[in-house]
Each structure stands twice: as structure tokens, then as C-alpha cells.
Amino acid sequence: MHELAGGSITMSSPPEPYKASETPLGTARHVRIITIGAGASGINMIRTLREKLRNYEHVVYEKNQSVGGTWYENRYPGCQCDIPAHNYQFSWKHNPSWSTFFASAPEIENYLRRICDEENMLPSIKTSHQVKSAIWNESNSKWELKIQDLKSGEIFTDSCHFLLNAAGILNNWKWPDIKGLHDFKGDLLHTAAWPEGYEYAGKKVAVIGNGSSGVQVVPAIQPDVQELVHFIRSPLWVTPTQQQMIARTPGNILESIEMDGDRFTPAQIEKFHADPEYYLKFIKAVEEDINNKFPLLIKDSPTQKYAQGMLTQFMTACLGNDERLTKLLIPSFPVGCRRLTPAVGYLQSLTKPNVRIVPDPIVEVVPNGIKINTGEIIEVDTLVCATGFDVSFCPRFPVVGRSGNLQDIWKRETPRAYMSSSVPGFPNYFMFLGPNAPIGHGSVFTITEHVAHYITSIIAKCQTESIISLCPTSSALADFSEHIDAFMPRTAWSGSCRSWFKGGKETGPVTALHPGSRIHWFHMLERFRGEDFEYVREGRNRFAYLGNGFSTIELGEGDKTWYLGSLKKE
């Protein structure tokens, strides 16, 4: 064969004649898989691999001392999930025993720990192990990792064919960038690193931030503190709880549910246990209500306008018709521009006599308090930063692929990922809840189940079709990103408000959310689009996996005439 190289004609030897292998179609090549993180995504991946994959080994590295991810880490007063508890669980592991309509952080953590015990997952999980770097080695088509045992301090290496990042986005908390913050001489706390047993009663406490954690910690501590000074930078839309909204609909599922406030009665919990069909009907009814919320996020739609009017009335009533508070807290930006939250008891707590709302910008933190731009120094005993997480999507450690370090790429460019899970130039690397995943669309549990099935199907394809590595093409990502950018302006998410949906900025591209509904996301991930990927194969012939003419189906012990239907089991 002749080829042109550097302007001259060179000769190359012809390829060796192709020979069919002696392995049957369907033979799965052995692969090693590493997952980073033992939160909901990592735990579910253990189960999905067990159900769907053959001939593999899998280890999960978790930096914390126990499993649970964000529900292990977040322990601040009032911490709970604002998705209904019976829908914030795996479809394969129902928990009829949830005690309240919205589960607390400890109850969710216990649920995840119990799963690991009951499903014998702990042997696959190495806690107190932190990944320090991951580098793709093209010569052996493996990811080579450096990992630190946080108990011994030892750093060792490990390698895998597939690297799955399940570290999560709301995981890497950060201090706010405020001058003099660490000069404060009182107690400086962050909601994501709340010291166990901290005593705040009787103290003058400042809370900075009114995001998802701020609106929970404020009403939780307000009754017990001497004074609560709440610093807010922007207003937010507060909604009735899912429980309240469902209850307003005639003939709703909650009419048959026995509750004591937001708690399920013992009799109701027993009924859930005794009748799985009835319990599933309840779960599905609540889930359908959750899924129906996407239309109100379409900017300037009749549903959006109706929601804005109703929420204005609701918030005004919760604030006791206080004119100053309504001006400070009811937004002018579209409903859904910032994450919608029920914020149970938050608005009501702001009307209490021991609460002061401060909308003035903070100039600096001084040893005895906080200085605002009016020149006033507000003295406090405790400073609570409810200021959230690093939502840049940049990995917390170097991830070096063919195209360089993903940290550097996403620092200089808008974070982009193909279907939120993979990146050109990073072979066999997959993320859970990467850029533009539906993190704000509902329960993360069922979302991560779909991602796990999608990733597992890709790994199985590689195992059985002689594919050593694969990654999306740059053109596929460019087209996917073009669609996102064209779609997002029609949503409330793109409105002018400071939101972690836009990386904490007031304007800019929406990087945190999927361009469509929750069902749209599930539908999108039903099939792997192989045409969007580039491959490295074991040999030059893409059909080498067809092998010796036999199939593992006919050589195995299962039903060899499955295509005629299944016989009833005797």
C-alpha cells in the first residue's frame, strides 16, 4: 500500500490476512471498573453492574469514613430533602417506612447505609480513600490512578479500563469569598461541615445565604437563638410543599393517606408495608405530580404567569403582608430562575421579632462581626455560611486524557459533556450528573438509575464487540451543545438571576440543567448512539467479535429457543 507522508511517497507492508477468532459471539472480555464516590450514584452502580454485566471486577473509592455522599456530609439543623421521601429512593429498593413526607438527612443516610448492608455492597467499597489523580495511558488503554488511604496517609496506584466519576456536584463545599472571613474570632461554621452537637441556643447568630441550605437552617435555629441576622443577596421564589399542592387537588391520592402533620401515622406505614400494589400506586401518583412541573419553567408561558401570581400571593401571606419583607424577598425574575424550594417555615421565621434581614452588601468580616456597606458593624457570636458548593463541574483532582487535563479545559471553557456523561478526548471516562444533567428536575435516585443503565450498556458493548476504548466525537458534543444553547433561552433558568444553574452567575449559559423535562431525559438515554463515538478496537476488523460462528446463547444453559416465547414455570 502506498501512502503520502510529509510530501514523499513511502512504502508500507500490507496488513496480515484476517483470521476469524475461535471465540463465540457474545463472549465478554474481562474489564476492571473503578467508581469514585459511594453516594446514591456509586451505590446504585454496584447493583446495576451485578444485574447487567459479566466478567468484571469493580471497586468504589469513597473519601468519607462512611457511605451516603451528601447525606453523610450535610448535618446542619433542619437538613432534609425537599423531594417527597417515597420518591427519593431507588425503584429497586422501596422503603415503606419513611417517617415523614420529606425525609431528614439522617433518615436518608440510614437508608443508604442499610442498602449497603442488606445487599452486601461494603466489600466493594473502600471508605477513607481519596482519588488524587487519574491519567489515561494510551499504550495499555487504562486509567492509572493515584489514591490516598486517608487513615494511613499512604498513596498507592490502581488502574482500570473504565473510570466512573460519581463524586456528585453538590459535594465540594466552599467558603464565600469575603474579605477577612477567617479573621472572625467567634464560631465560623459552614452548613456542609456542621460540627456535631454544636450549641447555638442563646447566641447571636448570622446566617449568610438563602439558598437550599440557608432556607432550612434559618427556621430550624430561629426559635432558640437570641438574635438571628440573615444576610441575603437576592430574593427567591418559595413554593408550597408538594404535600400541600397535591392536597389542593380534588380526589388526590393524599385523601386516603393518614398523616399527622407531615408525619405518616404508624397505621399508614403498616398499610404501605401490607399492600405493595397500593404503595406503588401512591409513589406513582406523587411522581406524576413531580414530573408535571416542567411546563411552568417555560418562560412567558401562561403556566409561568399563573405560577408567578399564585406564588406572589402565597409568599405575601407567609410574610404576614409585611411590605418591607415582600419587597426584599419576592422576586421579579421568572419562577424557576433560581431553584424552587418549599422552604418549610422559612418565610414565617423571618417575621419573628428576633430576626433581622440584611440585604446590604457585606464589605468585610471583622473579628467581632460583619461590616456592611453602610459602615455599620453587626456584632455576632456565630457566623454560619450557607453559601453552597463549587458548582464549576471541574473535577477535584487532575483527570488527564488525550486532550489534556479536564480541570484546565473546564476552567477556561464552558463545561460541556455529551449527554452530561462523557467528554471527547477522555476515553472510557463517564460521569454521573455532569454538565446539563437534570439535577433540578426531581429525585436524583431515579435519574442516576437511568445513567447507570446507559453506562453499563456501553461497557457491555465494549466487552462483547472487541472495543478497547471509546469516547464521543468533538462534532457530536458541538451539536449537542448547540442544541442546549438554542433551547435554554426559552426557559426560566436563563433569566437574569444569580443561580448555581449558571455557575453562580447572574447571566450566562445554563450549565447545570438538562434542556427538557425529566421524561425527556429518560427518553433520551434509552438508546446508546454509537454513531456519535470514535473507537479503538482490538484489531483492524470491526466484526472480529463475530468469532467462530457460534453464539454464547446456544452454548450456555439458558433457553435456546427464547424467540418462540417462554414456557410457564411448573
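A salt bridge here is a side-chain nitrogen of Lys or Arg within 4 Å of a carboxyl oxygen of Asp or Glu. The structure is a predicted model, so local features need pLDDT of at least 70 and side-chain atom pairs count only at pLDDT 80 or more, while totals for chains, interfaces and linings use all residues. Residues are numbered from 1 along each chain as its sequence is written, and side-chain values use heavy atoms, with hydrogens and water left out.

By this rule, the count comes to 22 salt bridges. One of them joins Glu465 to Lys461, with the closest N and O atoms 2.9 Å apart. For accessibility, buried means under 20% relative accessible area, exposed over 50%, and partly exposed in between (1.4 Å probe, protein chains only). Glu465 counts as partly exposed at 23%, and Lys461 is partly exposed with a relative accessible area of 23%.

Then there is the pair Glu287 and Arg518, with closest N and O atoms at 3.0 Å. This one links distant parts of the chain: Glu287 sits in helix α7 (residues 276–291) and Arg518 in helix α14 (residues 518–524), 231 residues apart. Helices are DSSP runs (H or I, at least four residues), numbered from the N terminus. Both Glu287 and Arg518 are buried.

Glu323 and Lys327 also meet in a salt bridge, at 3.4 Å from N to O. Because they are four residues apart in helix α9 (residues 323–329), about one helical turn separates Glu323 from Lys327. Glu323 is exposed at 55% relative accessible area, and Lys327 is exposed at 64%. Elsewhere, Lys93, Arg114, Glu118 and Glu119 are tied together in a network of salt bridges.

Ile553 lies in helix α15 (residues 552–555) and is partly exposed, at 40%.

Of its 19 lining residues, Ser21, Ser466, Glu538, Ala544 and Tyr545 are the closest to its centre; lining residues have an atom within 4 Å of a point.

Definitions and conventions. Helices (H or I, at least four residues) and strands (E, at least two) are DSSP runs, numbered from the N terminus. On a 1 Å grid over the protein atoms alone, a cavity is a set of points where a 1.4 Å probe fits but cannot get out, and a pocket is an open set with protein on both sides within 12 Å along at least five of seven lines; lining residues have an atom within 4 Å of a point.
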